[in-house]
Amino acid sequence: MADKKGNRKNNRNNDEDYNPKFRKMRKKVCVLCSDKNFVLDYKNPEQLRKFINDKGKILPRRATGACAKHQRDITIAVKRARHIAVLPYTQN
Ligand SMILES: [Zn+2]
């Protein structure tokens, strides 16, 4: 007699989908989209310095919070600024 014990516990944990790693993050808003008067200028190192790190590298989108379109503009502006020696290519 195949007496299957149908008491197999349902170990599925319904609390599993709670992962503290993925807590609610504040959605970043693109600085160039939110501020209409913000004009990206490659001759303005003070403005562009917000988009590069201390090594002179261009920050990724997750750090700048810029949208795809404006991140492209930032990248072009920083590269132009480097070319005319307004920003450094590298530091140290
Ligand atoms: Zn934008």
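Leaving out residues up to four places away in sequence, Pro45 touches Ala81, Val86 and Leu87 (two residues touch, or are in contact, if their C-beta atoms, placed from the backbone, lie within 7 Å). This is a predicted model, so local features need pLDDT of at least 70, side-chain atom pairs count only at pLDDT 80 or more, and totals for chains, interfaces and linings use all residues. Residues are numbered from 1 along each chain as its sequence is written.

**The overall picture**

- The protein has four helices and zero strands (helices are DSSP runs of H or I with at least four residues, strands are runs of E with at least two, and both are numbered from the N terminus).
- Starting at the N terminus, the order of the elements reads α-α-α-α.
- Mean pLDDT for the protein is 84, and 73% of its residues reach 70 or more (pLDDT is the predictor's confidence in each residue, from 0 to 100).
- Among the elements, helix H1 (residues 31-34) has the lowest mean pLDDT, 92, while helix H4 (residues 68-83) has the highest, 96.
- Of the 92 residues in the protein, 13% are buried (buried means 20 or more other C-beta atoms within 10 Å of the residue's own, exposed means 12 or fewer, and partly exposed is in between, with C-beta atoms placed from the backbone).
- Take the contacts in the protein with a separation of 6 or more: 66% of them join residues 24 or more positions apart.

**Helix H4, face by face**

- H4 has 16 residues, which should span 22 Å at 1.5 Å a residue, and its end C-alpha atoms are 23 Å apart, which agrees (the expected span is 1.5 Å times one less than the number of residues).
- The buried residues of H4 are His70, Ile74, Ala77, Val78 and Ala81.
- Look down the axis of H4 and its buried residues fall within an arc of 100°, so they line one face of the helix (the arc is that of the directions from the helix axis to the C-beta atoms).
- Turned away from that buried side, the other face carries the exposed residues Ala68, Lys69, Arg72, Ile76 and His83.
- What covers the buried residues of H4? The cover includes H1, helix H2 (45-48) and helix H3 (61-64).

**The nonpolar core**

- Ten residues make up the largest nonpolar core: Tyr42, Leu48, Phe51, Ile52, Ala66, Ile74, Ala77, Val78, Ala81 and Leu87 (a nonpolar core is a set of buried Ala, Val, Leu, Ile, Met, Phe, Trp, Tyr and Cys residues joined through C-beta atoms within 7 Å).
- H4 gives the largest share of this core, four residues.
- As background, nonpolar side chains tend to be buried together in soluble globular proteins.
- Phe51, one of the core residues, touches Ile58, Leu59, Thr64, Ile74 and Val78, leaving aside residues up to four places away in sequence.

- Pro45 sits in helix H2, and it counts as partly exposed because it has 15 C-beta neighbours inside 10 Å.
- Pro45 and Leu87 are 42 residues apart along the chain, yet their C-alpha atoms are separated by 6.3 Å.
- Arg49 is in the loop between H2 and H3, and with 14 other C-beta atoms within 10 Å it is partly exposed.
- From Arg49 to Leu87 is 38 residues in sequence but 8.0 Å in space, C-alpha to C-alpha.
- Tyr89 belongs to the segment after H4, and it is exposed because 11 other C-beta atoms lie within 10 Å.

- For context, most residues other than glycine have a negative phi.
- Which residue with a positive phi follows H4? That is Ala85, with phi near 60°.
- Ala85 has 9 C-beta neighbours inside 10 Å, so it counts as exposed.
- Asn92 is not a glycine either, and its phi is positive at about 70°.
- Asn92 also lies in the segment after H4, and with 6 C-beta neighbours inside 10 Å it counts as exposed.
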